[in-house]
Amino acid sequence: MRASVQPTAQEWIDSGHGPAAMSPVSPVNAAPVSTVAQLRAQVERVQGRRLDAPVLPVHSALAELLPGGGLRPGAAYSVPRSTSLLLALLAQPSQSGSWCGVVGLPRLGVEAAEGLGVDLSRLVLVPDPGPRWLAVTATIAEVLPVVAVRPSGRAPDGEVARLAARLRDRGAVLLVQGPWPQAEAMIEVAEPVWSGVGRGHGYLAERELTLTSSSRRWPRVRRARVLLPDAAGHVSAASEPLRTREPLRSVDDERFVPLEARAVG
């Protein structure tokens with residue numbers, strides 16, 4: 001395992017060596033040339049971002065679950081308490097040059113993050129932000145283009161609204177493990193099936209699961225069957241459903257790297 005010492009949020013910000021904050025979304029020209037252009041300008045002003053703004057890339061196996069095929073700057077996403085899925089979503093943005101912050105996940109391992117493709121040189125960890133987790137998240141969102149957080153308590157509506165405005169202003173992406181108001185998309189995990197254990201013993205090799213995504217931008221729930229992790233420890237699209245394997249539901253997702261397991265019963 002490659003050693004990686006991550007600074008605290010305050011040390012990283014005070015050092016002055018982190019990435020510069022992303023530029024605010026450019027204002028929309030208020031001079032429409034047609035009714036369609038006028039309506040488009042009004043929608044963009046309300047949403048605080050351009051409808052055709054580029055998205056941050058994600059793995060192709062996950063792209064169809066997100067509006068626009070990626071993570072939209074200025075938007076928040078609701079994701080399940082799955083560390084492997086969270087790391088899979090962070091992998092491509094970090095590889096493409098975007099700094100990523102993770103707040104409130106003390107058990108997240110850098111070896112697992114690196115295995116799923118996260119660039120550790122662009123990863124900032126804040127394992128225990130304490131009761132001010134929302135303020136810490138908002139501070140990190142000022143300087144990082146992608147921030148993931150596991151809330152440790154309820155967020156007041158006013159604070160959520162202020163954070164949403166800050167995300168739009170800075171063009172940052174927020175990934176929240178749990179429900180979140182006005183999320184761009186809500187992703188859920190279902191039907192996990194581990195494989196690799198045979199005749200009572202062996203190593204867990206890969207996990208196949210169903211990801212579902214709902215969004216106000218499309219009328220129906222979207223589904224994708226993926227391997228997370230696959231036999232190589234990465235994410236990939238499942239070629240066909242696993243119909244004959246029994247799900248192992250007792251395996252903790254936060255320790256998904258191949259484990260030796262012994263079946264009972």
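A: Start with pairing: two strands pair if DSSP finds at least two bridges between them. Helices (H or I, at least four residues) and strands (E, at least two) are DSSP runs, numbered from the N terminus. This is a predicted model, in which local features need pLDDT of at least 70 and side-chain atom pairs count only at pLDDT 80 or more, while totals for chains, interfaces and linings use all residues. Residues are numbered from 1 along each chain as its sequence is written, and side-chain values use heavy atoms, with hydrogens and water left out.

Q: Which residue stands opposite cysteine 100 in strand 6?

A: Valine 146 does. Strand 4 (residues 100-103) and strand 6 pair in the parallel sense, over four bridges. Strand 6 also pairs with strand 7, in the parallel sense and over four bridges; there the bridge partner of valine 146 is valine 173.

Q: What unit do strand 6, helix 7 and strand 7 make?

A: A crossover is right-handed if, with the strands pointing away from the viewer, the path from the first strand over the helix to the second runs clockwise. Strand 6, helix 7 (residues 157-170) and strand 7 form a right-handed β-α-β unit.

Q: Which way do the residues of strand 6 point, and are they buried or exposed?

A: Buried means under 20% relative accessible area, exposed over 50%, and partly exposed in between (1.4 Å probe, protein chains only). In strand 6 (residues 146-149), Val146 and Ala148 point one way and Val147 and Val149 the other, and all are buried. Over the protein, buried residues make up 45% of the 265 residues.

Q: How many residues of helix 4 are buried?

A: 11 of its 13 residues are buried, so helix 4 is largely enclosed by the rest of the structure. Among them are Thr83, Leu86, Ala91 and Pro93. The expected span of a helix is 1.5 Å times one less than its number of residues. Helix 4 (residues 83-95) reaches 18 Å from its first C-alpha to its last, close to the 18 Å expected. Just after helix 4, glycine 97 takes a positive phi of about 110 degrees.

Q: What is leucine 86 in contact with?

A: Contact means heavy atoms within 4.5 Å. Leucine 86 lies in helix 4 and counts as buried at 1% relative accessibility. Leaving aside neighbours within four places in sequence, leucine 86 is in contact with Val79, Leu105, Ala148, Leu175 and Gln177. Ala148 belongs to strand 6.

Q: Where does glutamine 92 lie, and what does it touch?

A: Glutamine 92 also lies in helix 4, but is partly exposed, with a relative accessible area of 25%. Not counting residues up to four places away in sequence, glutamine 92 touches Pro57, Val58 and His59. Glutamine 92 and proline 57 are 35 residues apart in sequence and 5.9 Å apart in space, C-alpha to C-alpha.

Q: What is the phi of glutamine 182, and where is the residue?

A: Phi of glutamine 182 is near 55 degrees, a positive value in a residue other than glycine. Glutamine 182 lies in the loop between strand 7 (173-177) and strand 8 (185-198) and is exposed, with a relative accessible area of 68%.

Q: Which peptide bond is cis?

A: The bond from leucine 228 to proline 229 is cis, with omega near 5 degrees. Proline 229 lies in the loop between strand 10 (222-227) and strand 11 (236-237).
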